[in-house]
Structures are given as C-alpha cells and as structure tokens.
Amino acid sequence: VVVNEQSALGLPAVLRALEVLTGVFAMTPMIYYRRVGEGRERVENSPLFTLFHDRPNDVQSAFLFKEVMLGDMLLAGGFSSFVHRDVMFQPRSLSRLNPRGVHPAQHWDRTDGIELFYDAQLPDGSQGRFSRTDIWHVPGFSRDGLFGVNRVKLLDDMLGAAVAAGEYARHFWENNAQPATVLTAKGKISLEDKAK
C-alpha cells in the first residue's frame with residue numbers, strides 16, 4: 001500500500017486528530033512582546049505583530065496560516081515560509097513553502113558553530129539556497145532541534161495497515177459483502193452440487 005500524506009489523511013482518525021490540533025492551535029493568539037527591564041510590553045506597532053496577530057499575507061488570515069503551519073509540522077516534519085521584506089528590510093509578509101521543497105543544509109565551523117541554510121523551491125518554480133533571514137523554518141518534533149520528524153514516513157507500517165484494511169472493506173462491500181472466492185474440485189461436479 002502506498003502511504004503518503006494524502007492516504008494518511010484518508011483515515012478518519014488521522015484527519016480528525018489533525019483538525020482538532022490545528023484548529024485549537026490556530027485559535028491561540030500570537031502576540032509580539034518586547035523585553036522592558038524585568039518585564040515585557042506588547043508591541044502592536046511592530047511589523048511582526050501584524051504578521052502573526054492580524055494577517056501574514058494578502059491571501060491568508062492569521063487563523064488559516066497557523067492551521068497550515070501546525071499541519072505541516074505534524075505531517076511533514078516542519079513548516080517553512082519565505083519572508084518578504086520592504087526597502088527597510090522589515091518583514092512585510094510570509095508565503096508558505098511546500099515542506100517537501102525545503103531542505104535545511106547545515107554548515108559548522110569552530111568559530112561560529114552551526115549555521116543553517118535552506119535549499120528551497122519557491123512557489124514560482126525557482127530554486128536557490130537561502131539564509132535564515134529569507135526563510136522562516138519551524139521544525140516539528142525533532143531529535144536534533146534542526147530537522148523535524150516526518151510522522152507519515154515514521155508511521156508508514158501502521159498507516160499502511162490501516163489504509164489496506166480500509167481498501168479491503170471497501171472492495172468487500174462493493175462486491176455485495178461476498179468474499180471473492182473460487183472453489184475448485186479435482187473431479188466433475190454435478191449441477192445440483194454447483195447450485196448448492
């Protein structure tokens with residue numbers, strides 16, 4: 001059985017769990033704060049406040065953006081978006097990138113430690129290597145803090161068994177609940193025995 005994101009979402013338990021988790025996460029407000037002395041203050045005039053609280057781009061609401069974000073983190077192992085900046089280099093919008101088109105690449109040196117770059121395919125089809133100022137990457141559950149675990153690949157066998165059981169049940173009911181069985185015999189069978 002081919003197991004991918006689409007077939008996993010065909011399982012009612014997976015779909016419902018994803019709807020609940022992403023919906024609850026999307027309802028949580030993201031508010032940008034600045035440290036002030038020992039405390040903090042809400043910064044509503046910052047571009048980051050607008051991106052995360054109001055609208056990350058001209059197409060998606062903050063709710064939808066956060067819903068997609070957590071969905072990517074749970075299913076694909078991470079969420080990535082391209083950061084569009086104005087002439088003052090301030091972030092002005094975020095565009096979601098296909099998680100299968102973004103591949104973190106790390107570089108390590110003795111002076112600075114780990115530096116991350118992202119080999120990414122942009123929505124217009126172009127590709128390139130980008131720095132962390134261009135790509136906002138949020139790994140999902142991770143074993144190293146850099147690369148998220150793709151749960152669909154990790155749970156391939158379990159999801160495959162569930163998909164196969166669903167396919168079998170569908171074919172069984174399409175065949176009027178009659179198992180696809182062929183009876184054979186070594187000798188000749190009479191018409192009465194065939195009818196039985």
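**Entry 1: the β6–β7 turn and its sheet**

I began at the turn between β6 and β7, which form a hairpin with five residues between them, and there I noted that Gly125 has a positive phi of about 95 degrees. I am working from a predicted model, in which local features need pLDDT of at least 70 and side-chain atom pairs count only at pLDDT 80 or more, while totals for chains, interfaces and linings use all residues. I number residues from 1 along each chain as its sequence is written, and I take side-chain values from heavy atoms, with hydrogens and water left out.

For the element names I rely on DSSP runs, numbered from the N terminus, with helices being H or I of at least four residues and strands being E of at least two. I call two strands paired if DSSP finds at least two bridges between them.

On that basis I find β6 joined by five bridges to strand β7 (residues 127-131), the two running antiparallel, and I looked up Phe117, whose bridge partner in β7 is Ser131. On the other pairing, strand β5 (residues 102-109) meets strand β6 (residues 113-121) in the antiparallel sense over eight bridges, and these two strands form a hairpin with three residues between them.

Taken together, I read an open sheet of three strands in the order β5-β6-β7, with antiparallel pairing. The edge strands are β5 and β7, each of which pairs on one side only. I note a twist that averages 25 degrees from one strand to the next, where axes are lines fitted to C-alpha atoms (for helices over the stretch in contact) and angles run from 0 to 180 degrees between N-to-C directions.

**Entry 2: the sheet around β3**

I then turned to another open sheet, in which three strands follow the order β4-β3-β8 with antiparallel pairing. Here the edge strands are β4 (91-97) and β8, each pairing on one side only, and the twist again averages 25 degrees from one strand to the next. I find six bridges between β3 and β4, which run antiparallel, and I looked up Val83, whose bridge partner in β4 is Leu94.

**Entry 3: aromatic pairs**

How many aromatic pairs does the structure hold? I find six aromatic pairs, taking rings of Phe, Tyr and Trp (its six-membered ring) as paired if their centres lie within 6.5 Å, with planes under 30 degrees apart counted as stacked, over 60 as edge-to-face and the rest as tilted.

For Phe79 and Trp136 I note ring centres 6.0 Å apart and planes at 80 degrees, so the pair is edge-to-face. This pair links distant parts of the chain, with Phe79 in strand β3 (residues 78-85) and Trp136 in strand β8 (residues 135-139), 57 residues apart. For accessibility I use relative accessible area, with buried meaning under 20%, exposed over 50% and partly exposed in between (1.4 Å probe, protein chains only). Phe79 is buried at 0%, whereas Trp136 counts as partly exposed at 26%.

I also looked up Phe82 and Phe130, an edge-to-face aromatic pair at 5.9 Å centre to centre with 85 degrees between the planes. Phe82 lies in strand β3 and Phe130 in strand β7, so the pair ties together parts that are 48 residues apart in sequence. I find Phe82 buried at 18% relative accessibility, and Phe130 buried at 15%. Finally, I recorded one aromatic cluster formed by Phe52, Phe65, Phe79 and Trp136.

**Entry 4: a surface patch**

On the surface I find a nonpolar patch formed by Val20, Val24, Met27 and Phe63, with about 370 Å² of accessible area together. I take patches as made of residues with over 30% relative accessible area and no salt bridge, with like charges joined within 9 Å and nonpolar side chains (Val, Leu, Ile, Met, Phe, Trp, Tyr) within 5 Å; a salt bridge is a side-chain nitrogen of Lys or Arg within 4 Å of a carboxyl oxygen of Asp or Glu. Accessible areas come from the Shrake-Rupley method with a 1.4 Å probe, and for residues only the protein chains shown count as cover.

Which helix gives the largest share of the nonpolar patch? I find that helix α2 (residues 12-27) does, with three residues. Phe63 is found in helix α4 (residues 62-75), and I note it as partly exposed, with a relative accessible area of 36%.

**Entry 5: Lys196**

The C-alpha atoms of Lys196 and Asn45 are separated by 82 Å, the two residues being 151 residues apart along the chain.
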